[in-house]
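Trainee: I am new to this structure and would like a close look at one part of it. Could you start from a single residue and then show me what lies around it and beyond?

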Amino acid sequence: MSRRLREKYEDVDLTPGQGKGSATVSIFFGAMALLGALCFLMPELLTMPEFRAAYNPEVLRYALQVSIAISAGFGLYAMARHESPGYGLTGMILALTAALLASGRIEAPDIDSRGLYVGLDYFVLTLVVLALVFIPLERAFPKDRQQSILRKGWITDLKYFMLSHMGVQLISFFTVIPIQVFLHSVTTWDFQLWIASQPLWLQFIEILLVVDLGTYWIHRAMHEVPALWKFHAIHHSTEQMNWLASSRLHLLEILVNRFAGYLPIFVLGFAPSAVYAYLIFISFHAIFIHANVRFRFPVLRWILATPEYHHWHHSSEDAAIDRNYAGFLPIYDVLFRTAYLPKHLASRYGTVSDDIPEGIVGQFWYPFRSWGKGRSRQ
Ligand SMILES: [Zn+2]
Ligand SMILES: [Zn+2]
């Protein structure tokens with residue numbers, strides 16, 4: 001997307017009464033409905049087998065119709081109120097196209113789940129659920145009141161979100177699959193049976209302790225080894241924090257993080273239900289700690305990483321540089337002397353000396369182009 005278009009769609013003032021909010025709602029639900037309708041039309045190619053097993057298509061078909069109605073209704077209102085009716089019209093066209101597609105064949109056939117697929121259903125459903133949870137939460141309890149929902153950089157972050165969700169099979173291919181293939185070739189160890197036989201809540205806590213220790217050191221290395229920092233600098237390039245900023249990660253960092261997370265989980269042999277509970281919980285938590293919310297959590301802030309805690313990790317203030325590496329358990333930062341949690345909240349974010357491009361393609365090449373140049377964060 002060109003710089004001019006970026007300027008047009010980023011940092012938009014959504015003050016009520018101008019029709020801009022309604023246009024945004026209309027286009028969002030229209031686009032989601034259209035993608036949802038495509039999932040129903042081509043489930044073999046566009047849906048994720050593991051995810052598909054977890055939801056009810058009948059409920060989703062109903063949700064699709066509701067999305068079409070929301071998009072059309074808000075689109076109509078935006079056409080009347082917005083200074084340029086094109087936005088509302090775009091939402092209505094998306095809704096109409098979704099309605100036309102959805103009126104076709106939408107029965108999910110018996111699917112051979114071993115083929116190649118794109119996790120479009122995973123992308124659409126997660127995005128809708130997270131938007132419905134986090135946008136109202138950030139509006140009701142904002143840390144930065146001036147920040148728009150369509151803040152600077154949201155388009156880039158949405159592309160990262162799309163990449164990590166739609167590319168789920170590709171990411172698994174490089175992370176989960178090699179570990180599973182390796183472990184299948186060795187016999188089950190006794191300690192794995194013992195670990196999997198423990199109560200689920202205990203396994204859940206053990207996964208948190210083990211994975212967070214590993215990711216603490218990987219994260220620290222990403223900051224302190226200059227060549228690795230160039231990859232991780234992409235995550236830190238966001239200057240306005242919100243829930244979507246959690247998605248901004250270089251593709252190689254996504255692969256390294258997932259591999260490092262799954263390795264101890266599979267080697268130690270935790271029970272699948274404990275692993276699923278952990279994955280759902282930690283995915284939601286990772287998004288929450290980036291959210292533009294002002295909650296302080298007086299005691300909990302030293303036990304679990306909160307938005308306040310991780311916002312300091314993203315701060316560009318001197319005292320906060322290379323602090324708060326723990327993703328979930330601040331105890332690791334306390335033990336290894338990297339904790340920083342002053343009385344006030346962080347307010348300035350971003351990298352200190354890296355000049356990182358705004359688009360996802362430029363950001364992908366950035367570490368390779370700047371390898372060997374400069375030090376870590378300072
Ligand atoms: Zn970091
Ligand atoms: Zn972060």
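Mentor: Buried means under 20% relative accessible area, exposed means over 50%, and partly exposed is in between, with a 1.4 Å probe and protein chains only. Before we go on, please keep in mind that this is a predicted model, where local features need pLDDT of at least 70 and side-chain atom pairs count only at pLDDT 80 or more, while totals for chains, interfaces and linings use all residues. Residues are numbered from 1 along each chain as its sequence is written, chains are lettered from A and ligands numbered from 1 in the order in which they are written, and side-chain values use heavy atoms, leaving out hydrogens and water.

Now to the partner of Glu224. Its side chain meets that of Arg220 in a salt bridge, at 3.1 Å from N to O. A salt bridge here is a side-chain nitrogen of Lys or Arg within 4 Å of a carboxyl oxygen of Asp or Glu. Arg220, at 17% relative accessibility, counts as buried. Both residues lie in helix H12 (residues 200–224), four residues apart, about one turn of the helix. Helices (H or I, at least four residues) and strands (E, at least two) are DSSP runs, numbered from the N terminus.

Next, look at the zinc ion. Ligand 1 is coordinated through the NE2 atoms of His219, His223, His232, His236 and His313, at 2.0 to 2.2 Å. Donors are N, O and S atoms within 2.8 Å of the metal (3.2 Å for Na, K and Ca), and sites may look incomplete because water is not among the atoms. The spacing of the donor residues in sequence is H-x3-H-x8-H-x3-H-x76-H. His232 and His236 are four residues apart in helix H13 (residues 226–236), so about one helical turn separates them.

Asp354 pairs with Lys230, the closest N and O atoms being 2.8 Å apart. This pair links distant parts of the chain, with Asp354 in the loop between H17 and H18 and Lys230 in helix H13, 124 residues apart. Asp354 and Lys230 are both buried. Elsewhere, Arg151, Asp157 and Arg248 are joined into one network by salt bridges that share partners.

A search of the whole structure finds nine salt bridges. One of them is between the side chains of Glu358 and Lys152, at 3.9 Å from N to O. Glu358 is in the loop between H17 and helix H18 (360–369) and Lys152 is in the loop between H7 and helix H8 (154–166), so the pair ties together parts that are 206 residues apart in sequence. Glu358 is partly exposed at 33%, and Lys152 is partly exposed at 40%.

At least three residues come from each of domain 1 (3–149) and domain 2 (171–369). Such a core is a set of buried Ala, Val, Leu, Ile, Met, Phe, Trp, Tyr and Cys residues joined through side-chain atoms within 4.5 Å, and the domain bounds come from an automatic or database domain assignment.

Finally, two residues have a backbone angle worth a look. Most residues other than glycine have a negative phi. Phe297, although not a glycine, has a positive phi of about 50°, and this residue sits in the loop between H15 and helix H16 (307–314). Asn324, also not a glycine, has a positive phi of about 55°, and its place is in the loop between H16 and H17. Phe297 is partly exposed at 28% relative accessibility, whereas Asn324 is buried at 0%.
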